[in-house]
Amino acid sequence: MKELLTPRERFNLLVIDEPQDRVPVFPLVTSHAARVASISVSEYVTDGRVMAEAQLLAREKYGHDFISFFSEVGIIAEALGSEFEFPQDDLPMLVRPRWQELPDESALTDFSSLSEKGRLCVYLEAIDVAYEAVGDRVPILAYIPAPFTTCQHLVETENFLLGLMLEPRKIHDLLAWATRAVIDFSRACIEAGALPLLVDPLASGSVVSAEHFREFCLPYEKRVIDYWHRYDLDVILHICGDTSGIVELLPDTGADLLSLDRIDLKQAVAKAGSRCRLIGNFHTTDIWLSSPETIAQAASEMVATGRECPMGYIASTGCEIPLATPAENIRTFIRACSEAGANPQFGRV
């Protein structure tokens, strides 16, 4: 079946509230691309050209509507001084945060040339390569860790979470400092040709309460999103895990599109669908382990629900596709979502 629109045309029509030939389909193919390219994950996350070539191969193989650059949510924290190790065939792991205790404001010194530190240059090289190859046809997404998630990779986890209750002033100082770093790096990604996607998995209801989200996560997500809106971008916010207790708050971040994970999609449509376009939220375990027949039926049902969103909908997985997911399962998901999301007004070629 020949496509009538390019992925970029399809996304552009979505965000200006015009009909598309079909629902855009966006399984979160991130490090799984290393499997497609038959390379190790450690090579994928440390070499920008390799990352780009793997993503281009995955997009050629599966035909999904976006290219996604992401390794893990610690990349900005690494550039700010936290230490990571790189297993041969698994995602990078935090081994030593920059601080064990919450730092005093005097320790939050200025940073310069942030995009040249750690693996941030890997992102930028990957964006350059992919934009040169397909930037006129396919949206290129750069996943940018949000301030709250970044801070949890800068301070020992228990001390950071205790600080939410015992030392909120220090938490806010650290969050403001991290926000500047997030904006600094995201500016370089935008200038390279990517659409930044804000990821804040450690802000989910699986980690913090709605009250803590409102105080410590939302304001700093909003600062970043407000900055991105200066570039006239349509901003995606992705939060992993359970967002059922905060979904009504998420549009207050200013995000134009919400990428959701563990929440009933009907609930999300009812509580946020009149203010934001929704993305989601097929369970990643199901796309990994279910049969193609089960995936096809469940994906079609998901799209039928998602299309009820008044602002618009993108079919997606709730989180990253697991590394070992069979290729046929991903193809089945994309095919089922595309067919269920077809717009009969366009006809087919």
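**From the whole chain to single residues**

Of the 349 residues in the protein, 58% are buried (buried means under 20% relative accessible area, exposed over 50%, and partly exposed in between, with a 1.4 Å probe and protein chains only). This is a predicted model, in which local features need pLDDT of at least 70 and side-chain atom pairs count only at pLDDT 80 or more, while totals for chains, interfaces and linings use all residues. Residues are numbered from 1 along each chain as its sequence is written, and side-chain values use heavy atoms, with hydrogens and water left out.

The protein has 14 helices and ten strands (DSSP runs numbered from the N terminus: helices are H or I with at least four residues, strands are E with at least two). Its radius of gyration is 19 Å, close to the 20 Å that the globule rule gives for 349 residues, so the protein is as compact as a globular protein of that length. The radius is taken over C-alpha atoms, and the rule is 2.2 Å times the number of residues to the power 0.38. Along its principal axes, the C-alpha trace spans about 65 × 40 × 40 Å.

Next comes the interior. In soluble globular proteins, nonpolar side chains tend to be buried together. Here the largest nonpolar core has 126 residues, and Leu174, Phe185, Phe213 and Phe333 have the most contacts inside it. Such a core is a set of buried Ala, Val, Leu, Ile, Met, Phe, Trp, Tyr and Cys residues joined through side-chain atoms within 4.5 Å. Helix H9 (residues 168-192) gives the most to this core, with 14 residues. Apart from neighbours within four places in sequence, leucine 174 is in contact (heavy atoms within 4.5 Å) with residues including Trp99, Leu102, Cys151 and Phe160.

Aspartate 184 also lies in helix H9. Is aspartate 184 buried, exposed or partly exposed? Aspartate 184 counts as partly exposed, because its relative accessibility is 25%. With neighbours within four places left aside, aspartate 184 is in contact with Phe111 and Leu114. Leucine 114 is 70 residues away along the chain, yet the two C-alpha atoms are separated by 7.3 Å.

Last, some backbone details. Most residues other than glycine have a negative phi, and most peptide bonds are trans. Aspartate 232, in the loop between helix H10 (210-229) and strand S7 (236-238), has a positive phi of about 60°. The peptide bond from glycine 280 to asparagine 281 is cis, with omega near -20°, and asparagine 281 is in strand S9 (residues 277-282).
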